[in-house]
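Please open the structure in the viewer and keep the selection panel at hand.

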Amino acid sequence: MWYDLSFANPRYFYLLLLLPLLIFWYFKKYRKSVPHLHFSDSEFKASIHKTLRQRLHPLWFILRLLCICAIIVALARPQSNLRSNEENVEGIDIIMAMDVSGSMLAEDFRPNRLEAAKKVAADFMKGRSTDRMGIVAFSGEAYTQCPLTIDHAILNSQLRALRSGLIADGTALGDGLAVAVNRLRNSEAISKTIILLTDGVNNMGAIDPLSAADMAQLYGIRVYTVGVGTRGLAPYPFQTPFGIQYQNVEVQIDEDLLSNIASSTGGKYFRATNQNKLKAIFKEIDRLEKTKIEVLSFEHKADEYKIWVWIALAFLSLEIIFRLFVFKTIPKKSCLDSKNPPFYIY
């Protein structure tokens, strides 16, 4: 539930264009009302100082401008809107299954494949605030980095903590997919999705990847698979006694297996050969997996012009008080003669 402010007749704000004309008229009139005397000695002029009342003389005109502004706002009919939304979210539960094997440190992406994937995944998660999401990491083994949660601050923290080398090296695609399926199998969400991101060929693990895909299909889980890596050779860092050395390593991704996993679960396979392509893939997955939201809302409007009328009256009253008691005018005796125009001294 929240408030906002709108105006029923905003066209009255065009009257504010008259204010510059009023300011111009005031200064032109003020200059004519100030007498000018010529002195041969500038020292006499320097000895004359304006009184406080003379310095504050423009105040009555400023109060009049503020009064006019308040009247214009009142004419525009400001209205406060009280709104309330009730959302019935048919959420999507998403598990990010991330490959953290040593090959993900290859630098055909900047700074490497793993860090590039983490950054794109973080942007993807940021745009899905109504969905529960979790993270599974795998290389030679698989484990849950973050269970399903709606707390995206924790999710981003756990995503940033992902790094290679914490568990045995290798690529256990089947184990990574099976752990992700296990996290989703009891979910009551309308849609359950796994995004499996890897850069290698299945060479480790106790579960066959296609068997894990059958498990996903059994529980109604859609799997999107993403192969990460350029085509051909990629620079890979090696630690040597002389520091880090680079060697070009052939990129091997089992695209047939990843395509079969995706197609058998109703998902889709993507190949990311650079960072821009990886971003485009996650944008497409974001478009394919949209959350359905039913919104029941009500709106109540209330006129708020009265406060502006009172503000205008306050400024007008202050102007009258200042003109009568601070900047009061004293007519000269000659002014009593109706034949002569009135002359005022401020």
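Helices (H or I, at least four residues) and strands (E, at least two) are DSSP runs, numbered from the N terminus. This is a predicted model, in which local features need pLDDT of at least 70 and side-chain atom pairs count only at pLDDT 80 or more, while totals for chains, interfaces and linings use all residues. Residues are numbered from 1 along each chain as its sequence is written, and side-chain values use heavy atoms, with hydrogens and water left out.

**The whole protein**

Begin with a cartoon view, in which 11 helices and 13 strands can be coloured separately. Then show the surface: the protein exposes about 21000 Å² (Shrake-Rupley method, 1.4 Å probe), and carbon and sulfur atoms supply 58% of that area. Of the 346 residues, 36% are buried; buried means under 20% relative accessible area, exposed over 50%, and partly exposed in between (1.4 Å probe, protein chains only). A contact means heavy atoms within 4.5 Å. Among contacts between residues at least 6 apart in sequence, 79% join residues at least 24 apart.

**The open sheet**

Next, select the six-membered strand set β5-β4-β3-β6-β7-β10, which forms an open sheet of mixed pairing in that order; two strands pair if DSSP finds at least two bridges between them. The edges are β5 (142-149) and β10 (269-272), each with a single partner strand, so one side of each has no neighbour in the sheet. From one strand to the next, the twist averages 15°. Angles run from 0 to 180 degrees between N-to-C directions, and axes are lines fitted to C-alpha atoms, for helices over the stretch in contact.

Zoom in on β4 (residues 132-138), which runs antiparallel to β5 and is joined to β5 by 5 bridges. Here I135 stands opposite C146 in β5.

Select T144, which is found in strand β5 and is partly exposed at 25% relative accessibility. Leaving aside residues up to four places away in sequence, T144 touches I135, V136, V179 and R183. With R183, the side chain of T144 makes a polar contact of 3.1 Å (a pair of N or O atoms within 3.5 Å; within protein, one must be able to donate a hydrogen and the other to accept it, and residues adjacent in sequence count only if both atoms are side-chain atoms).

**Salt bridges**

Finally, display the charged side chains. A salt bridge is a side-chain nitrogen of Lys or Arg within 4 Å of a carboxyl oxygen of Asp or Glu, and the whole structure holds 14.

- Select K118 and E115, whose closest N and O atoms are 3.2 Å apart. Both belong to helix α5 (residues 113-126), where a spacing of 3 residues separates them by about one helical turn. K118 is buried at 7%, whereas E115 is partly exposed at 32%.
- Select R128 and D131, joined at 2.8 Å, N to O. R128 is buried at 3% relative accessibility, and D131 is buried at 0%.
- Select R231 and E255, joined at 3.6 Å, N to O. R231 lies in the loop between β7 (221-228) and β8 (233-240) and E255 in helix α9 (residues 255-264), so the pair ties together parts 24 residues apart in sequence.
- Select D108, R113 and D199, which are linked in a network of salt bridges.
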